[in-house]
Amino acid sequence: MGEELPPSELTAEQYRALLGHTSDVITVTETDGTVRYRSPSSERVTGWRPEELRGEDFLEYVHPEDRDRVGGRFDALAGEGVEALEFRFRTSDGGWVWLSMTGRVADTAGALGGGMITSRGIRGGGQGAGRPGGTRDRVPVPNKGGGAGD
């Protein structure tokens with residue numbers, strides 16, 4: 001029992017390594033949904049490099065049929081948080097990937113200064129209402145022109 005344990009605090013380098021190796025996408029948003037940070041796994045899950053979504057409205061990348069439901073739950077981030085909300089998110093190639101998201105406003109006056117969302121890709125779109133059965137991870141979009149909701 002004479003061995004000294006390492007400090008419990010992680011260094012900035014250790015935090016970067018941790019975020020770089022997690023399979024979940026970590027997103028930090030302003031209270032209005034503007035993306036401030038996305039972890040490196042964003043590119044693997046959605047095709048978007050983290051810096052490509054910085055400054056963007058998170059909801060603009062949510063499928064139009066899911067947007068009102070997801071937007072309504074964003075308001076809950078400040079309260080009890082969001083548990084296992086499933087929705088479609090636009091991929092960089094114009095398709096859609098089903099994500100399962102949890103989130104909470106960490107501390108608007110603290111280090112993060114906004115909401116923290118953890119999401120992961122889910123195969124087949126889960127079992128939620130209105131979800132097409134047996135969908136693939138990416139669903140083609142008929143019209144790729146224009147905005148994120150096409």
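Me: Is Phe87 buried or exposed?
Reply: Phe87 is buried, with a relative accessible area of 0%. Buried means under 20% relative accessible area, exposed means over 50%, and partly exposed lies in between (1.4 Å probe, protein chains only).

Me: What kind of model is this?
Reply: This is a predicted model: local features need pLDDT of at least 70, side-chain atom pairs count only at pLDDT 80 or more, and totals for chains, interfaces and linings use all residues. Residues are numbered from 1 along each chain as its sequence is written, and side-chain values use heavy atoms, with hydrogens and water left out.

Me: OK, rings. How many aromatic pairs turn up in the whole structure?
Reply: A search of the whole structure gives four aromatic pairs. Rings of Phe, Tyr and Trp (its six-membered ring) pair if their centres lie within 6.5 Å. Planes under 30 degrees apart count as stacked, over 60 as edge-to-face, and the rest as tilted.

Me: Which type is the pair of Phe58 and Phe87?
Reply: Edge-to-face, because the ring centres of Phe58 and Phe87 are 6.1 Å apart and the planes are at 70°.

Me: Where do those two sit?
Reply: Phe58 lies in the loop between α3 (50-53) and α4 (64-74), and Phe87 lies in strand β3. So the pair ties together parts that are 29 residues apart in sequence. Helices (H or I, at least four residues) and strands (E, at least two) are DSSP runs, numbered from the N terminus.

Me: And Phe58, buried or exposed?
Reply: Phe58 is buried, with a relative accessible area of 2%.

Me: What about the rings of Phe58 and Phe89?
Reply: That pair is tilted, because the centres are 5.4 Å apart and the planes are at 40°. Phe58 is in the loop and Phe89 is in strand β3, so this pair ties together parts that are 31 residues apart in sequence.

Me: Which residues do ring pairs link into a cluster?
Reply: Trp48, Phe58, Tyr61, Phe87 and Phe89.

Me: Tell me more about Phe89. Which residues does it touch?
Reply: Leaving aside neighbours within four places in sequence, the contacts of Phe89 include Arg38, Thr46, Trp48, Leu53, Phe58 and Tyr61. Contact means heavy atoms within 4.5 Å. Phe89 counts as buried, at 1% relative accessibility.

Me: How far apart are Phe89 and Thr46?
Reply: In sequence, 43 residues. In space, 7.7 Å, C-alpha to C-alpha.

Me: New topic. How many salt bridges are there in the whole structure?
Reply: The search finds seven. A salt bridge is a side-chain nitrogen of Lys or Arg within 4 Å of a carboxyl oxygen of Asp or Glu.

Me: Which residue meets Arg49 in one?
Reply: Glu52, at 3.7 Å, N to O. Arg49 is partly exposed at 37% relative accessibility, and Glu52 is partly exposed at 30%.

Me: What about Arg88 and Glu65?
Reply: They form a salt bridge, with the closest N and O atoms 3.3 Å apart. The pair links distant parts of the chain: Arg88 is in strand β3 and Glu65 is in helix α4, 23 residues apart. Arg88 counts as buried at 9% relative accessibility, whereas Glu65 is exposed at 62%.

Me: How close do Asp66 and Arg88 come?
Reply: Their closest N and O atoms are 2.9 Å apart, in a salt bridge. Asp66 is in helix α4 and Arg88 in strand β3, 22 residues apart. Both Asp66 and Arg88 are buried.

Me: Which residues make up the salt-bridge network?
Reply: Glu65, Asp66, Arg69 and Arg88 are linked in it.
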